[in-house]
Amino acid sequence: MIIEMARVRIAGPRQRLDPALRLLQDVGDLHLIAAPPSVAAGGPPGSQVPRLARHARRMLDDVDAAITGLPREGPRNPLPARQVRLPPAARRAHGLRRELDALARARAALAEESTALQQYRAFFDAFEPLLQRTPRWPDARASFVLLRPGAGASVAELERSIQTVTGAEVEMHARPLPSGETAVLLLASGSAASEVEKLLSAARLDELPAPRGLGEPSLARAMPALRARITEVDAQLQANEARRAEIARQARPELEALQAQLHDLLLLAEARAQARTGELLFVVEGWLPEPALAPLRERVARELGADFVVAKVATEPWTRGDAPVALANPRLFRPFELITRAFPLPRYGSIDPTPFVAVFFPMFFGLMLGDVGYGLLLAGIAVTLRWRSASGTTLRAVAEMALGCALFTIVFGLAFGELFGKLGGALSLRPLAFDRENALAPFLIFAIALGAVHVVLGLVLAVVGAWRQGQRRQAVGRGLTIAMIVLSALALLAAFKVLPSRLFTPAAIAVLIAFPLLIALEGIIAVVELMSAFGHILSYARIMALGTASLMLAIIANRMVGALGSALVGVAFALLFHLVNFAIGLFSPTIHALRLHYVEFFGEFYSPGGATYRPLAHWRATA
Amino acid sequence: MDLIWIVFASAAAVAITALATAWAQGRIGPAVAASLAEKPELATTAIIMVAIPETMVILGFVVAVMILLRGAG
């Protein structure tokens, strides 16, 4: 539901604006707005606020950059605010930022060098025994060539060409590397070395040079230096990490406290800009939940004294559209606010659909997936996600929604007698409601009937919303649309003899009477809306379509066990197919349940456009 | 012979609506992707936009089922 808001105006001595704003920040309930010019002669307080905010922003840049440069750790554990003195702490943060930036640059350079050196390590491992034996020729020269992946076949061709030109003056060795490339070592006598160079150049094969900075042009002589450098780089990387960890240990709590303080300062500066000051007084104005008004009055009187006034602004000067929107739902429904918030917030004074979403979304999901096995799998994933996520995060809300969906999936799985398709039969699992494989028509009728209930519920909410906003004519029009849908359903049921046939004529006559009344009330657009409502109801047939498709895929997966000759291969394919079906079963019902809500259900009553309620409060890091 | 026509009609109901859905989603998809590149906050609307034409193939499937059921009856 949407919390009832009160608009309040707080006035006090001009020189005590800052303590008043700090108290409001401590309370954390007042959503500030710019006070209208009529309430105070002056404008926003000038003074040094913009300059202070600029300084705070610069300091915050340093702190944010320093915290980002630290190794990732667990939850925040800031120092108590009173232990952080702003100017020296900000100077320390600036110094730490510079040191951490330098460490980050050094780490990136070392990591790049380490990657390059590791490429040579495979080369050493492949040819080291060859290079350490006594050479055939005292003046032998080693050349190293790296052939790209897939070029291994040209090794024989290269060897043939070299043998043709240089005879037995060259030894060639090739080794495949784990990367897919082929390492080639050419050992040539001094007289043949220049011929080898020419051949490599003609074949456009570049000799692999020793890494830069080792002062050796030949890889053979560079090897010991290379190995030493790899060890040195690893040690430097470890030292770099150790220094970052040390900084984190010593400075993180102070940096986190400083970050919170600076954010609070900036929030106060923004709040100050919303206030109006006259010669003697300041005035701030804002919104807060109606129940929070009395405690705020009491706290202002207790902590600031009798010089301050907290007055509720009468409802005449503002419209309901001005108020910010805060949603408050029972604990069980709260995760589903995520679905409502994915849409623009409902306008103040309209209806928050979250409680209805919390019931129908998992129900539709469960109807589509409807399988005890898949439901248990989903419940396992949801419980793990919930366990690993922090309270109040989006991931936690998704996990809790998934848990609701899993519960409905298991319940409908029992109703349809499904456990990984029809495997439940082996465990004497029988359908309690109907068998989705054979009862296609009942399932279709059930889905459309559920759609009719959902759409009519949306229209009822539209009637309530319009009535509450004083739009009586629109409320009656929506009521007539409901009557037309119900009467049409009765006429259809009577025509198909589900209800007594004698009901058909009165229902049809009532439809014929209601129709012109509807047009008279809402105009010709009412016809389009009525047709669209019928279209929306039919759209719920997707519940049956997706449910049947999910079941059929599960049945096909089970049939693979006997269809592929080997039972082992069959079981493997069946498991793989079930996994694919489960993945589709998570994605598709979610998308379509969302669509049924956003298009079919919300379309009947939802009025978006509410401003988010953002009270002046202390800054909190988001996970 | 009747059975062939029943099967053919139900297959056509799914196939034609599937083609229509594919055509519509093929037009909507690139437009939505381009919008998302500029305004990622439109992700919810984007999902709905892409999912809307699926109604056609779903109703096609329902019609196909009804044809098969009537044929069997």
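How many bridges pair strand 2 (residues 31-33) of chain A with strand 7 of chain A, and in which sense do they pair? There are 3 bridges, and the sense is antiparallel. Before going on, note that this is a predicted model, where local features need pLDDT of at least 70, side-chain atom pairs count only at pLDDT 80 or more, and totals for chains, interfaces and linings use all residues. Residues are numbered from 1 along each chain as its sequence is written, while chains are lettered from A and ligands numbered from 1 in the order in which they are written.

## The whole chain

Chain A has 17 helices and 10 strands. Helices (H or I, at least four residues) and strands (E, at least two) are DSSP runs, numbered from the N terminus. The radius of gyration of chain A, taken over C-alpha atoms, is 37 Å, well over the 25 Å that the globule rule gives for 623 residues, so chain A is more spread out than a compact globule. That rule is 2.2 Å times the number of residues to the power 0.38. Along its principal axes, the C-alpha trace of chain A spans about 110 × 85 × 45 Å.

How much of chain A is buried? The share is 32% of its 623 residues. A residue is buried if 20 or more other C-beta atoms lie within 10 Å of its own, exposed if 12 or fewer, and partly exposed in between, with C-beta atoms placed from the backbone.

## Around strand 7

Back to strand 7 (residues 281-289) of chain A: 7 of its 9 residues are buried, so it is largely enclosed by the rest of the structure. Two strands count as paired if DSSP finds at least two bridges between them. Strand 1 (residues 5-13) of chain A pairs with strand 7 over 9 bridges, in the antiparallel sense, and A:Met5 has A:Pro289 as its bridge partner.

## Helix 1 and its buried side

Helix 1 (residues 17-27) of chain A has these buried residues: A:Leu17, A:Ala20, A:Leu21 and A:Leu24. They cover an arc of only 95 degrees around the axis, which puts them on the same side of helix 1 of chain A. The arc is that of the directions from the helix axis to the C-beta atoms. Just after helix 1, A:Gly28 takes a positive phi of about 75 degrees.

## An open sheet with helices

Elsewhere in chain A, 3 strands form an open sheet in the order 3-5-4, with antiparallel pairing. Strand 3 (141-147) and strand 4 (170-176) are the edge strands, each pairing on one side only. Strand 3 and strand 5 (residues 182-188) are joined by 7 bridges, and A:Leu147 has A:Thr182 as its bridge partner.

Helix 4 (residues 154-166) of chain A packs on this sheet, touching strand 3, strand 4 and strand 5. Here, two residues are in contact if their C-beta atoms, placed from the backbone, lie within 7 Å. The direction of helix 4 makes about 175 degrees with that of strand 4. Axes are lines fitted to C-alpha atoms, for helices over the stretch in contact, and angles run from 0 to 180 degrees between N-to-C directions.
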